[in-house]
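Visitor: I have a model open and want a quick walk through it. Can we start with how to read the annotations?

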Amino acid sequence: MSYPLSGNTAKRMLIASIFPFALLAASAQAQNTDHDKGPWQSRWSSGEELYEKVCSQCHDPKVGVGTAIQGRVLPVEYVKFIVRNGFNAMPSFQASYIDDESIAMVAEYLSSLPAPAAQP
Amino acid sequence: MAEQNNAVLPKGVVQQEFNKAVEKFRTLLGEDNVLVNADQLVPYNKIMMSAENADHAPSAALTATTVEQIQGILKVCNEHKIPIWTISTGRNFGYGSAAPVQRGQVILDLKKMNKILEIDPVMCYALVEPGVTYGQLYDYIEENNLPLMLSFSAPSAIAGPLGNTMDRGVGYTPYGEHFMMQCGMEVVMANGDVYRTGMGGVEGSNTWQIFKWGYGPTLDGMFTQANYGITTKMGFWLMPKPPVYKPFEVIFENEDDITEIVEMLRPLRISGTIPNSVVVANILWEAGSGNVRRSDYTTEPGHTPDSVLKKIQKDTGMGAWNLYAALYGTKEQVDVNWKIVTDAFKKLGKGRIVTQEEAGDTQPFKYRAELMSGVPNLQEFGLYNWRGGGGSMWFAPVSAARGDECKKQARLAKRILHKYGLDYVAEFIVAPRDMHHVIDVLYDRSNAEEKKRADECFGELLDEFEKEGYAVYRVNTRFQERVARSYGPVKRDLEHAIKRALDPNNILAPGRSGIDLDTYKKV
């Protein structure tokens, strides 16, 4: 058995074949123009976003690569230390990748989550 | 004003001269973008190689946001002979991560240059800055419902296309040979010139991301794995998302099956029946990325015995070799190719085929299927838990896509790794004619004795493979000078002649791929 694309995507491809200019108009001309708007801003708009896009890729209990970190009320200074230094195979992240404010947001977000259920 | 306090200087640069350069960097970039304190620099010094961190410690890091700032930085570097090491996202794990090849180099961090400049869903290409990540691109494509598919390496969620392509990394889709899909670069040269490859130099051109070759010499390749310029924009082609995608796995029970696997695969890859960069992963790669840990089976030091590997196979249903491939296209195309593929395996009489319906959400099938369809994840980092301790170096010799050659390389690598008490954790990434034989030299970096063993092991792997006429396609910064020697003196002379012409002050990443005007032929 095979997996067709979602209905929306299939429709989009149909539109593209009939109305190529419709997609041309949608052609992405620049996104996240941080430094066109003045001082550079972090990509991360919330702790939840940072967790979902980066941390959870290893630390989500369902992934099981990194230790679960949600709901453990980890102090922000501890989170920052691990993010900046890395730990064993966990990579370090420089401030240009994850800034201090975003670390604080993600620490707060992690504390707001329930602890994962204990493993049998 | 904060003074540098990490006591590291670039080679041959005295503190007073360095301080002058730092002041100029501050004037140019602002205080916040000139990092000189130890706590600011520590993230740039996290390495997985068998080297001392001190040998790869930066003296400072600069974050730039525009091409003009980079030109200004290069002017200062030329004036004060400051060597810089450029990173895009700094995620080159197992190849040196973000750390400079030589102690004291100033890191030029381009992560803040994170604009997706253009995605054209009709011509199917993207133009990006160095700090753009695959995860960022994936989100953009999804949010805008664009009918496009990414190709990336396993650290997909957090790494980026420009850095990966400049290091000639590979992915797992039909567009998996990333440098082949690159189209158009913007490069800042050491003298500040801004050079655009291909059609990029033609005023008013709208084919910079369309036609690779331009006119006259085509120079894109000389900027990859090199230190001749700083790439600030890169175009690359994107695969149209196919109407139908069909991933599958084929499980082989015996280690010696690799010969027949490769012989069967080659014609299917050359004909394009299987279009993507197929992976053939051995039991330990499969187990590690599937969250099996060595400590689940043994706590004995040294390499893991074959009897344990067989036990893992028996317990998990994993193969000695595990082949992952996919078909893409219309239903009719996929159906036809599926018949050809399944007929080939039937004829071989070996291999148990697993479809997505059968695998469900089990790992490692799930993450492999995601990688082959451009969905980012970091599941493969489970490999690092196999032995633990954070040590990882990729030993990646090129092999011809011939069964006997792959078997010979696998045996040779396993013998050497076992001699040093380490495991053969490997996958072959299958191109039509070549194999990237990627071996993860995993070791406990927190154990000084094991780190030393891993270091000696890596050196012997390079030496012994070289005796057989093999060499790696890419290597971590500790061994780049060593590997440069494998490729012969004429190439090195030519590379240094180019370096002298383009970067006479040797400011751009000296030591990258063994290219360094200060040391070459001066010892």
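Guide: UniProt positions are given here in the numbering used for this model, feature names are shortened, and an annotation may be inferred rather than shown by experiment. Also, this is a predicted model.

Visitor: Fine. Which residues of chain B does the "FAD-binding PCMH-type" annotation cover?

Guide: The UniProt annotation, from an unreviewed entry, puts that domain at residues 54–268 of chain B. Over that stretch the chain is 21% helix and 24% strand. Its end C-alpha atoms are 48 Å apart.

Visitor: And what does the domain assignment of chain B give?

Guide: Domain 1 runs over 15–109, domain 2 over 116–239, domain 3 over 244–474 and domain 4 over 487–514.

Visitor: How many residues does each side put into the contact of domains 1 and 2 of chain B?

Guide: Domain 1 of chain B gives 12 residues and domain 2 of chain B gives 16. On the domain 1 side, the largest share is five residues from helix 3 of chain B, residues 67–80. By class, that side has five nonpolar, five polar and two charged residues. The C-alpha centres of the two domains lie 24 Å apart.

Visitor: What is His80(B) in contact with, leaving aside its neighbours within four places in sequence?

Guide: Glu17(B), Lys20(B) and Ala21(B). Ala21(B) is 59 residues away along the chain, yet the C-alpha atoms of His80(B) and Ala21(B) are separated by 6.4 Å.

Visitor: Switching to helix packing. At what angle do helix 7 and helix 14 of chain B cross?

Guide: Roughly 140°, with the axes coming within 7 Å. Helix 7 covers residues 258–270 and helix 14 covers residues 403–419. The crossing is right-handed.

Visitor: Which residues make the contact?

Guide: From helix 7 of chain B, Ile258(B), Thr259(B), Glu260(B), Val262(B) and Glu263(B). Helix 14 of chain B supplies Gly403(B), Asp404(B), Cys406(B), Lys407(B) and Ala410(B). By class, the contact has four nonpolar, two polar and four charged residues.

Visitor: Last one, chain A. What are its elements, and how many of its residues count as buried?

Guide: Chain A has five helices and two strands, running β-α-α-β-α-α-α from the N terminus. Of its 120 residues, 28% count as buried. Among contacts in chain A between residues at least 6 apart in sequence, 62% join residues at least 24 apart.

How values were computed
Residues numbered from 1 in each chain as written. Chains lettered and ligands numbered in written order. Predicted model: local features only at pLDDT ≥ 70, side-chain atom pairs only at ≥ 80, totals over all residues. Domains from an automatic or database assignment. Contact = placed C-beta atoms within 7 Å. Helix = DSSP H or I, 4+ residues; strand = E, 2+ residues; numbered from the N terminus. Nonpolar A, V, L, I, M, F, W, Y, C, P; charged D, E, K, R; others polar. Axes fitted to C-alpha atoms, helices over the stretch in contact; angles between N-to-C directions. Left-handed = near helix turned anticlockwise from the far one by under 90°. Buried ≥ 20, exposed ≤ 12 C-beta atoms within 10 Å, placed from the backbone.
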